[in-house]
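Good morning, and thank you for making time on the agenda. I would like to take the group through the disulfides of one model and then through its pockets.

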Amino acid sequence: MVPFLLLVTALVAQQCVEAVESGQTCDVPPSMWCSSPAVAKACQVDESCERYLRKIGDAPAPPVSLTLYYESLCGGCQKFINEQLWPTWNKLSPIMNLTLVPYGNAAEKKRFDKWVYECQHGKQECVGNLIETCTLHMLKNISAAFPFIHCIESRVEYSDNPKKAAEKCASKMQVDFSAIEKCADGSQGNALEHEMALKTGSLNPPHTYVPWVTLNGVHTEKIQNAAMDDLLKLICDTYQGPKPDACTPSTATVCTRD
């Protein structure tokens, strides 16, 4: 019954539009006033419709939302961050909405008034997850946080001592690590990491490995494979606005013989 009523409503609306366009008075619902120049003029909203349609046409395309679910000592995660995500973000950050969720395959349980975490690659991975979670919180925006996290993930020392790697990156990049460390060692970081656990646990479909990527909130094996193979191309292909220069393959020049 509902589809039939919708069909009838659409037919009635179309008849009203045709009547207005043939010279009759405005007798269409407001939602149809901008459906054609003739209707807009008959309903005396032609100038308003022109401004509205121009505004809609000039509206920028929304950025591509990419979320990475990962864990700090996962070799595959580090490879993806360093070889795909970092170079792509450097070229396409204006058209990307990047979210990082450092938790991965960890598990949590409540003990008294705090959460206790067990991480796939041991206690040091939990330390790394907490440092990166607190980095995201303390540095406020991804433009400040991601370069620092990338630095940590690219340090050789990180597999042995993530705190040492973070301290070296903080010194190099002039980041206040004391605030991040205080967060990671205290109740604030404990609660923030629980939020990462909830985000990871709410994935649909549930994640079965990391790195795990969602594109505009969606995960499929096709999206995952495309992200792993050529993330820049995936972002460029997904973005609906004018393509940045980085999306245009460069043409190699050749030197010909005289």
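Cysteine 151 and cysteine 169 are both buried, where buried means under 20% relative accessible area, exposed over 50% and partly exposed in between, computed with a 1.4 Å probe on protein chains only. The two are joined in a disulfide with an S to S distance of 2.1 Å, the criterion being a pair of cysteine sulfur atoms within 2.5 Å. The torsion about the S-S bond of cysteine 151 and cysteine 169 is about -90 degrees, so this disulfide is left-handed. Because cysteine 151 sits in helix H6 (residues 142-153) and cysteine 169 in helix H7 (residues 162-173), the pair ties together parts that are 18 residues apart in sequence. Helices here are DSSP runs of H or I with at least four residues, strands are runs of E with at least two, and both are numbered from the N terminus.

Before I continue, a word on provenance. This is a predicted model, in which local features need pLDDT of at least 70 and side-chain atom pairs count only at pLDDT 80 or more, whereas totals for chains, interfaces and linings use all residues. Residues are numbered from 1 along each chain as its sequence is written, and side-chain values use heavy atoms, with hydrogens and water left out.

How many disulfides does the rule give? The count comes to four. Another of them links cysteine 134 and cysteine 183, with the sulfur atoms 2.1 Å apart. Its torsion about the S-S bond is about -75 degrees, so the link of cysteine 134 and cysteine 183 is left-handed. Cysteine 134 belongs to helix H5 and cysteine 183 to helix H8, so this pair ties together parts that are 49 residues apart in sequence. Cysteine 134 is buried, with a relative accessible area of 0%, and cysteine 183 counts as buried at 1%.

A further disulfide joins cysteine 119 to cysteine 126, again with S to S 2.1 Å. Is this link left-handed or right-handed? With 115 degrees about the S-S bond, the link of cysteine 119 and cysteine 126 is right-handed. Both cysteine 119 and cysteine 126 are buried.

For the definition: on a 1 Å grid over the protein atoms alone, a pocket is an open set of points with protein on both sides within 12 Å along at least five of seven lines, and lining residues have an atom within 4 Å of a point. The largest pocket holds about 350 Å³ of space; a volume is the space filled by probe spheres set on the points, which are joined across faces, edges and corners.

Strand S4 (114-118), helix H5 (123-138), helix H8 (177-185) and helix H9 (187-201) each supply at least two lining residues to the largest pocket, and H5 gives the most, with five.

The second largest pocket has a volume of about 200 Å³. Of its 13 lining residues, Leu100, Leu136, His137, Met196 and Lys199 are the closest to its centre. Strand S2 (96-102), H5 and H9 each give two or more residues to the lining of the second largest pocket, and H9 gives the most, with four.

Key: On a 1 Å grid over the protein atoms alone, a cavity is a set of points where a 1.4 Å probe fits but cannot get out, and a pocket is an open set with protein on both sides within 12 Å along at least five of seven lines; lining residues have an atom within 4 Å of a point.
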